[in-house]
Amino acid sequence: MRIEDVRWLICWRVGACNGGGKWFGSEFVLIWIYRLIFIPVVLAASPKLIFRMRKRGGYSEAFSTRFGQGLALPEKKEGARRIWIQAVSLGEMLAIEPMLRALAADERNEIFLTATTSTGYAIAKEKYSDFVVGLAYFPLDFWLFSRRVWNVAKPDLAICAETEMWPEHMRQARKRGVPMLLVNARLSDRSFKYSLKLKSFISGELDNLSFVLAGSLQDSERFEALGFDQSRIEVTGNMKVDVSIDPLLSGDDRRELKRSLKLGDGFLILGSSTWPGEEEMMLEAYRRVREMLPEAKMIIVPRHGERRDEIRGVMEEQASGLRWHFKSEGMPTEDIDVLIGDTHGELRGFTQISDLAFIGKSLPPHKEGQTPIECGLLGVPMVFGSGMSNFKSIHSRLVESGAACKVREHGEAIQAIVDLAQDAGKREAMVRGSRNWALASKGALQRTLTKIQEFLDQVN
């Protein structure tokens, strides 16, 4: 269970108490139901949450800020504008990097940055510590915890990324008269389905947002369907497409990285952010590719590195005769066939040395999909399943441009990987499709910054 699931569970109970909007019409009553339900639900869910956090690791530093404790920020400088930016995890933190750096370049702006997961916090500390005034975990969305952080942070503008619509957080902003923007805003199929069922509660809470900068037209339409004012929505596009690939490896760098990983100079397949069940598919596809391309190698990058024991079991059972190595155990010392990239922050480098990629969390039973954006920007031909609801408009345009191959199930994925591995002409056409897609998709960052600046200009 994720903390986001707890949010939906709490909202569901509020909706049940509200009887679909028939019992209580007052937003004041509904937010107090939310507040009263919050702690019991979190306590009930805490064994699963704690197990998940212990398995992932990395939560020991600054974790007290989840409860509104231990946060220390410098006094705001005279004439400064403090911006509180919340992004969930590693992906969102990387996506907002250009926005963060552009805002920090204005000396009048002070940035307070929060994350939800340990991976998000770690990457934020690594990349942004030198220019933010504070870095913390996002407080649990309970009245007292949220209020404590708001009282310390005292932001002039709040920005949340993608799906970060927490009722208490939004309510605290409105209470203080602080504008709150949702950037790269999206609603997955799953979130939209739940939101429609909870519309009587959700629509009132969404009113606490000042503006929604939607990642796509479909996302804009979904916010409208939930009752959000159309005049406060703008389709700015997805900033993930504007992300700068850093470091961008040269040809020599790529060859040296492959050699240092003991992956040779041959064809290389990448499993990008795989989930349970997809590693087995990748191994079967790889065995079939090797029948035609004996020098082919493979990298599997699980979305969650803490699954390494589970993946080790898969490798021991299904990778007989293959030489494999876990990156968390250091650099390989002899030639290998399969590298398991169970470390953080290396997927971009692995993507750049790959000739073909499979995008994870996209095959049944998974439905959300991991990001295909970096493969598209780097011109890596890709295969993904039909479960890409988190990137619905992006994955459709990638397919339309010829940059990606969409499949329905595991068998089709294996066949697509095998077919593309032996068809260099098709892969080159997909590379050209990626370039066309990237050129047509840019501009979200500047549109987002323009709207943020409009709100910053209103700060006294």
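Predicted model: local features only at pLDDT ≥ 70, side-chain atom pairs only at ≥ 80, totals over all residues.
Me: Why is the pair of Phe138 and Trp166 called tilted?
Reply: Look at the distance first: Phe138 and Trp166 are 6.4 Å apart, centre to centre, and the limit for a pair is 6.5 Å. Then comes the angle, which is 45 degrees between the planes. Stacked needs under 30 degrees and edge-to-face needs over 60, so 45 degrees makes this pair tilted.

Me: What parts does that pair tie together?
Reply: Phe138 belongs to the loop between β3 (134–137) and α6 (143–153), while Trp166 belongs to the loop between β4 (157–161) and α7 (167–175). The pair therefore ties together parts that are 28 residues apart in sequence. Phe138 and Trp166 are both buried.

Me: And what makes Phe142 and Phe145 an edge-to-face pair?
Reply: Their planes are 70 degrees apart, and over 60 counts as edge-to-face.

Me: Are Phe142 and Phe145 buried or exposed, and how do you know?
Reply: The cut-off for buried is under 20% relative accessible area. Phe142 has 14% relative accessibility, so it counts as buried. Phe145 also has a relative accessible area of 14%, and therefore is buried. Phe142 and Phe145 are part of a cluster linked by ring pairs, together with Tyr34, Phe38 and Phe67.

Me: Why do you say that the charged end of Arg35 sits over the ring of Trp32?
Reply: The charged end of Arg35 is 4.7 Å from the centre of the Trp32 ring. To count, CZ of Arg must be within 6 Å of the ring centre and within 35 degrees of the ring normal. Arg312 gives another case, with its charged end over the ring of Phe326 at 4.3 Å from the centre.

Me: What makes Ser216 a buried residue?
Reply: Its relative accessible area is 5%, and under 20% means buried, so Ser216 is buried. You will find Ser216 in the loop between β6 (211–214) and α10 (217–225). Leaving aside neighbours within four places in sequence, Ser216 is in contact with Val235 and Ser393.

Me: Which residues are closest to the centre of the largest cavity?
Reply: The largest cavity holds about 160 Å³ of space. Of the 18 residues that line it, the closest to the centre are Arg186, Asp219, Asn390, Lys392 and Ser393. The elements giving two or more residues to this lining are β5 (180–185), α10 and α16 (392–400), and α16 gives the most, with 4 residues. By class, the lining divides into 4 nonpolar, 9 polar and 5 charged residues.

Me: What lines the second largest pocket?
Reply: This pocket has a volume of about 330 Å³. It is lined by 15 residues, and those closest to its centre are Ser354, Leu378, Gly379, Val380 and Val431. The elements with two or more residues in the lining are α15 (373–378) and α18 (424–441); α18 gives the most, with 4 residues. The lining has 8 nonpolar, 3 polar and 4 charged residues.

Me: What makes the backbone at Lys154 and Lys361 worth a look?
Reply: Most residues other than glycine have a negative phi. Phi of Lys154, however, is positive, near 50 degrees, and phi of Lys361 is positive as well, near 60 degrees. Lys154 lies in the loop between α6 and β4; Lys361 lies in the loop between β12 and α15.

Conventions. Residues numbered from 1 in each chain as written. Heavy atoms only, no water. Phe/Tyr/Trp six-rings, centres within 6.5 Å; stacked < 30°, edge-to-face > 60°. Buried < 20%, exposed > 50% of the residue type's maximum accessible area, 1.4 Å probe, protein only. Contact = heavy atoms within 4.5 Å. 1 Å grid on protein atoms, 1.4 Å probe; cavity = no way out; pocket = protein on both sides within 12 Å on 5 of 7 lines; lining within 4 Å. Points joined across faces, edges and corners; volume = space filled by probe spheres on them. Nonpolar A, V, L, I, M, F, W, Y, C, P; charged D, E, K, R; others polar.
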